[in-house]
Amino acid sequence: MKTRIIMVGGFLGAGKTTLLYKIAHEYALQGIKVGLITNDQAAGLVDTAYLERTGSVVSEVNGSCFCCNFKGLTDAIGYIQSQGQIEIIIAEPVGSCTDLSATLIQPLKDHFRDSIIVSPLSVLIDPKRLESILGGGTSGLHSSAAYIVRKQLEEADIIVINKADLLSEGEASSLKKQAELEWPDASVFLLSGKSGLGLDDWLSRVLVDNYAGGRILEIDYDVYAEGEAVLGWLNRTSVLGSEKADWNDFADRLLHSLAGKFDKEKAAVGHVKLFLEKEDENDYLIGNMTGGEDTISRRGSLKNAGTVKMTLNARVQMDPDKLEGLVNEEISRICGDDILELLQESRCLSPGRPNPTYRYNEVMMSPTSSSGGDILVNKGGVS
Ligand SMILES: Nc1nc2c(ncn2[C@@H]2O[C@H](COP(=O)(O)OP(=O)(O)OP(=O)(O)O)[C@@H](O)[C@H]2O)c(=O)[nH]1
Ligand SMILES: [Mg+2]
């Protein structure tokens, strides 16, 4: 049996992990395990900690993106295959990566013809960002970061307008039409990874279609590198202890105070995510901010005091040292005298120039045989 690999790309905060969580969680309820692969420039990922809560087999590739560490990706695939009985692997590349057709999809098709089927490349996009990009704007991002967003959409086999639960019917169909006109070679789907709206339609396509990476981008790696380098990238883990803290309140206060600081610095937020968990219990909370203060949200609840592990990832358009200093300052201010923090690890960087392991300049033939996925589709979807 071949394993089906579904790549879910899209810019920071587009909703990739939420979609992976939804699929894995719903399949877990049906007794089906999927494999999930997360990816980042450094260890200490909120996405991994969150997705592990689904009971899926999760493998994290860190230290470099999939494109620049193709072996890391294929080792992760091999690890999941070795766990047995997993037909489907869903992989989430770093949100600031593009050129995935040339650097991931074609080499996967070429090197693993006998063991892997690659699904069409799906690229998620936040509707507000899409609206701005379609209007010729940058959605508040540096022009080179907006270039990455456009390139991601340009190479997609499937464009997924995500967070469709936030759109009226009229807005949704107008955005879909505009996207279809702008990128006529792609299929456009409306979906909500949060509510499950449109999920079965998209799954029915990606679980059976074997045609992946239909285009190779023309791309300027200098602009691409600049678009990544303007981002400060912080991964930070610590242990917090308090006899009286309400952790929901702590997370809300921290995210709001960070939003105020970034706004003051005029630093565009790619994504700030915060995961608080009690390791000996099932309780956790996840907080996100994908732009200004109005984008802050929290899922899960962790009211009771005690000891929690905190993982914080921030991708913000500012110098990495400054980002780290600012986050440290706000955490210690919010902790005050009531909360004790023990820092475990903090890595702050600005992503280096992308240097892919492989870059194919032509589209490889896709295998035509059927693969894993049929069973899952026959079960009638997940939502
Ligand atoms: N309303 C709504 N919000 C969503 C949906 N999907 C994701 N979000 C929110 O968007 C934010 C980012 O979601 P993630 O799934 O972490 O995004 P991501 O693409 O994995 O982000 P990176 O890992 O940083 O690249 C979170 O606040 C989610 O709650 C959706 O379908 N509807
Ligand atoms: Mg993610």
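Predicted model: local features only at pLDDT ≥ 70, side-chain atom pairs only at ≥ 80, totals over all residues.
The shell around ligand 1 comprises, by class, 13 polar, six charged and three nonpolar residues.

In total, 22 residues surround ligand 1, and the closest of them are Gly15, Thr17, Thr18, Gly95 and Asn288. Two elements each supply two or more residues to the shell around ligand 1, namely α1, spanning residues 16-29, and β10, spanning residues 269-277. Of the elements, α1 makes the greatest contribution to this shell, with three residues.

The position of the ligand can be understood from the division of the chain. Domain 1 consists of two segments, 3-226 and 355-378, whereas domain 2 covers residues 232-349. Ligand 1 lies between domain 1 and domain 2 because both of these domains give residues to the shell around the ligand.

The relation between the domains themselves may be considered next. Taken over C-alpha atoms, the centres of domain 1 and domain 2 are separated by 27 Å. Contact between them involves 16 residues of domain 1 and 21 residues of domain 2. On the side of domain 1 that touches domain 2, the largest share comes from helix α2, residues 46-51, which provides three residues. The composition of that side of domain 1, by class, is eight nonpolar, six polar and two charged residues.

Notes. Residues numbered from 1 in each chain as written. Chains lettered and ligands numbered in written order. Near = placed C-beta within 6 Å. Helix = DSSP H or I, 4+ residues; strand = E, 2+ residues; numbered from the N terminus. Nonpolar A, V, L, I, M, F, W, Y, C, P; charged D, E, K, R; others polar. Domains from an automatic or database assignment. Contact = placed C-beta atoms within 7 Å.
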